[in-house]
Every structure is written in structure tokens, then in C-alpha cells.
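Let's take a friendly walk through a model, with the cut-offs stated along the way. Please have your viewer open.

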Amino acid sequence: MALILHIIIALVSIIYTSYVFISPSKMKLYASYALAGLTLVSGSVLLITKPSHLVQSCIMGLVYLGFVIFALVSARHKLASSESK
């Protein structure tokens, strides 16, 4: 059950972060930060409770984290440049 919840949160986070990248706002960024945080927390719980798939999980987690961080930084930059005009 925890794995399914983790996957759902991660997928929603990727989809929502992509949406925030296209149309950024402060509140959307905060929601995206929360989803990314929930994904990291649920992934950490899964790693602690089921450490046998540690390497594969960590690699996928780093790919996810890299995508989300890139999109959030880009969206934040886009928002800052639109507010300064």
C-alpha cells in the first residue's frame, strides 16, 4: 500500500511540476514543493522498511529529484522574471 501511495504521489508531483513550469505562481510552487517533499519522505520510509531494493530505488529517486529540481528552479526563475517586468 505504501509503495502504491508513493508512486501516485510521485506521478502527481511530476505532472503538477510540469504544469507549474508552464504557468508558474507562488502558490503553485509551494504546492509543488510539498508534493516533492512528500515523495521524498515516502521514498525514505520505503527505503528504511524495504532496504533490499536500495540501489535501484536510489537511482530512480535521483532521476526524479533531478527533474523536479530543474523544473522548479526554472519555474521560479520564470516567475521572478515575469514579476520584475
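## Model and confidence

This is a predicted model, in which local features need pLDDT of at least 70 and side-chain atom pairs count only at pLDDT 80 or more, while totals for chains, interfaces and linings use all residues. Residues are numbered from 1 along each chain as its sequence is written, and side-chain values use heavy atoms, with hydrogens and water left out.

The mean pLDDT (the predictor's confidence in each residue, from 0 to 100) is 90 for the protein, and 99% of the residues score at least 70. Confidence is highest in helix 1, at 93, and lowest in helix 3, at a mean of 88. Helices here are DSSP runs of H or I with at least four residues, numbered from the N terminus.

## The nonpolar core

The largest nonpolar core has eight residues: Val20, Leu29, Ala36, Tyr64, Val68, Leu72, Ala75 and Leu79. Helix 2 (26-49) and helix 3 (54-83) each supply at least two residues of this core, and helix 3 gives the most, with five. Such a core is a set of buried Ala, Val, Leu, Ile, Met, Phe, Trp, Tyr and Cys residues joined through side-chain atoms within 4.5 Å. Buried means under 20% relative accessible area, exposed over 50%, and partly exposed in between, using a 1.4 Å probe and protein chains only.

What does leucine 79 touch, leaving aside its neighbours within four places in sequence? Its contacts (heavy atoms within 4.5 Å) are Pro24, Ser25, Lys26 and Leu29.

## Two aromatic pairs

The structure holds two aromatic pairs. Tyrosine 16 and tyrosine 19 make a tilted one, with 5.9 Å centre to centre and 50° between the planes. Both tyrosine 16 and tyrosine 19 sit in helix 1 (residues 2-22), three residues apart, about one turn of the helix. Tyrosine 16 counts as partly exposed because its relative accessibility is 26%, and tyrosine 19 does so at 40%.

Tyrosine 30 and tyrosine 33 also form a tilted pair, at 6.3 Å centre to centre and 55° between the planes. Tyrosine 30 and tyrosine 33 lie in helix 2, three residues apart, about one turn of the helix. With a relative accessible area of 48%, tyrosine 30 is partly exposed; tyrosine 33, at 33%, is partly exposed. Rings of Phe, Tyr and Trp (its six-membered ring) pair if their centres lie within 6.5 Å; planes under 30 degrees apart count as stacked, over 60 as edge-to-face and the rest as tilted.

## A charge over a ring

Lysine 78 lies over the face of phenylalanine 21, at 4.8 Å from the ring centre. The criterion is NZ of Lys or CZ of Arg within 6 Å of the ring centre and within 35 degrees of the ring normal.
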